[in-house]
Amino acid sequence: MEFLNDLKDQVSTAYELLAAGWGVQLLWGIGWTLAVTVVSMLIGAVLGSLVAAAKLSHRGGLRFIGESYTTVFRGEPELLIIYLFYYGGTQVLTSVARSSGSIGSTDILNMPSFLGGVLAVGIISGAYQAEVFRGSFLAIHRGELEAARAYGMSAWLRFRLVIMPQVLRLAVPGLGNVWQLTIKDSALISVTGVAELMLTANKAARSTHHSLLFYTVAGILYLVMTSISTPIFEKAERYTSRSFTRPK
Amino acid sequence: MDFDFYLSTIWSVLKALPLTLEIWFFGIAFGLIIATGLTWLRASGYKSGEYFTRAYVFVFRGSPLLVQLYLIYFGLSQFDFVRHSPILWPILRDPMYCTIVAMALNTAAYESEIFRGALRAVPVGQIEAAKAFGMSAFTRFRLVTLPIALRLALPAYSTEIILMTKATALASVVTIMEMMGTAQKIQHDTFRPIEVLTCAGVIYLLLNLSIARLFAWVEYRLSPHLRPPPEQSQQIKPVPEVL
C-alpha cells in the first residue's frame, strides 16, 4: 500500500515538473541526441568505408591498419575513447595554443564538447560500419566484378556502377544495427557536457530530486527513438531491394 | 617519452584490475542465471511468458546501459519501501552492487536472445532422431539439444562477454574506482589524459583479446567433429602394378 501511495505521488508530481519546463528541455535533449547520432553515423560512414577498403586491400600494410582499427575501436570501452578525445583533445589544443602564444601559459583551451564527443562516437561507429561494409562487399558475386572488368570498366566506374549500389543495398540491415548502437553510445557523451537527452535528464534529476521520474522518462524516450528507427530501416531495406524481391 | 610515468600509470591501473574483474564476473554470472530463466520462460510456450520476455528484451536492449544504471542507482532509492527494506536497501545503496545488477539485467536481455536463436537452430532431424530412440524429454534436452545449442551460442556469447568487459568501465561514473575510475583520477591529477588513457586502453585491449582467444580455444575444443581431418602422416601408397 505504501508502494501505491508512493507511485501516486510520483505520477502527480511528474506532470507538474514536465509542464514546468523540463518537458521542453527533454525535447531539446532528444534533438541533440539525434544530432549527435546523425553526425557520428556520417563520420562513421566515411571512416568505415575507408577502413573496409583497407581491410579488403591486397597490400599487407593497409590490411594491418584496417584490422588494428576495427580491433582497437571495437575492443576498447566507449567511455575511454570519449574521454580520450575530449580530454586528450583539450591537452593537444592547449599545448598547441600555448606554444603558439595565442593563450597564456596557464590558460586551458577546452576541446569543444560536441566536436570531441561526435568524433569519438563517430570513430567507434566507423569500426562497426567497416565490418558491415566489408561483409556486404564480400557478398557481391565475384562474377559481376569479373564481368565489369571484362567490359573494360575503370576502377572508379566499377566502384560507382557495380560495387557501391550493391554494397549499399546489402548493408542496410547491418547499418540499422549500428544506428541503434550509436544512439545508445551517444548517451555516454553526457560525460563531456553535451546537453543531449542523458545530460538533460541528469540535470533535471539532480535539481528537482526526482531521479526516478526523469531517468524513467529518459529511458522511455530512448526506447521510442530506437523503436521508431526499426520500421524506418525496414522500409529502407524494402526500397533498396525492390528489384530483388523473391517470387512468391 | 617518460617511461617511469607510463610504468607507474600501468601499475596503478593494473591494481584496479581485480575490481574490474569482480564486477565483470558477477555481472556475467547473474546475467547468465537471469538469461537462462528468460530463455526457459520464452521456450515454455506460455503466451504470458512470451509477452514478458519480449517486453523485457525490448526495454533492456532499446535503452542505454547508462540510463539503466542511473535508474537503479539514483532512481530506485526514491521509493520509501526500498529505503526501509532490509534486503533491497543494502544492495541498492551500494554503487558496486548497483553496477552488477544493471549489467546483469542488461546482458540477460541480449543473452536470452542468443540462447533462443541457438535453441531454434538445433537441427530438427537430431531431435527427431532422439525421439525415435525413445529418449525422455529431459534426456533429449541433456544429451542432444543442450550440447548442440551451447556450441551454436558460443560465438555470439563471446561477443556479449566482450561487450560486458567494455561495460564495466561505466562503473566509474557511479564512483567505483575500477580501472577506468583509477585512470580518470590519475588523469585529473597529472593532466596528461592521452598518456594515461592509452595505458588503460592497452590493458583493456589485452584483456579483451585474451577473452576472445580463450573463447576461440573453447570453441575449437568443443567442435572436433567439425574440423577438417588432419593431414595423413603417411600417404597411402598406390598399389603397385603387378603385371
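1. Helices (H or I, at least four residues) and strands (E, at least two) are DSSP runs, numbered from the N terminus. In that scheme B:Val144 belongs to helix 9 of chain B, a residue taken up again in point 8. The structure is a predicted model, in which local features need pLDDT of at least 70 and side-chain atom pairs count only at pLDDT 80 or more, while totals for chains, interfaces and linings use all residues. Residues are numbered from 1 along each chain as its sequence is written, and chains are lettered from A and ligands numbered from 1 in the order in which they are written.

2. On confidence, the average pLDDT of chain B is 90, and 94% of the residues score at least 70; pLDDT is the predictor's confidence in each residue, from 0 to 100. For the complex, the predictor gives an ipTM of 0.86 and a pTM of 0.87. Where pLDDT is low, the predicted coordinates should not be read in detail.

3. Chain B is built from eleven helices and zero strands, so that its pattern along the sequence reads α-α-α-α-α-α-α-α-α-α-α. Its radius of gyration is 24 Å, well over the 18 Å that the globule rule gives for 243 residues, so chain B is more spread out than a compact globule; the radius is taken over C-alpha atoms, and the rule is 2.2 Å times the number of residues to the power 0.38. The C-alpha atoms of chain B fill a box of roughly 90 × 60 × 25 Å along the principal axes.

4. Chain A has eight helices and zero strands, running α-α-α-α-α-α-α-α from the N terminus on. Its radius of gyration is 23 Å, whereas a compact globule of 248 residues would have one near 18 Å. Along its principal axes the C-alpha trace of chain A spans about 75 × 65 × 25 Å.

5. Burial and contacts can be read for both chains. A residue is buried if 20 or more other C-beta atoms lie within 10 Å of its own, exposed if 12 or fewer, and partly exposed in between, with C-beta atoms placed from the backbone. By this count 34% of the 243 residues in chain B are buried, and 40% of the 248 residues of chain A. Two residues are in contact if their C-beta atoms, placed in that way, lie within 7 Å. Among contacts with a separation of 6 or more, residues 24 or more positions apart account for 74% in chain B, and residues at least 24 apart for 76% in chain A.

6. The buried residues of helix 6 of chain A include A:Leu170, A:Ala171, A:Leu175 and A:Trp179.

7. Helix 8 (residues 211–240) of chain A should span 44 Å for its 30 residues, and its end C-alpha atoms are 43 Å apart, which agrees; its buried residues include A:Phe214, A:Tyr215, A:Tyr222 and A:Met225. Helix 7 (residues 95–120) of chain B reaches 38 Å over its 26 residues, close to the 38 Å expected, with a kink of about 25° centred on B:Ala108.

8. The contact between the chains takes 32 residues from chain B and 31 residues from chain A. The largest share of the chain B side, nine residues, comes from helix 11 of chain B. By class, that side has 22 nonpolar, seven polar and three charged residues, where Ala, Val, Leu, Ile, Met, Phe, Trp, Tyr, Cys and Pro count as nonpolar, Asp, Glu, Lys and Arg as charged, and the others, Gly among them, as polar. B:Leu197 lies in helix 11 of chain B and is buried, with 28 other C-beta atoms within 10 Å; leaving aside neighbours within four places in sequence, its contacts include A:Leu80, A:Tyr83, A:Leu84 and A:Gly88. B:Val144 is partly exposed, with 19 other C-beta atoms within 10 Å, and, with the neighbours within four places again set aside, is in contact with B:Gln126, B:Ile127 and B:Ala130.

Conventions:
Expected span 1.5 Å × (residues − 1). Bend = angle between axes of the 7 residues up to and from the residue.
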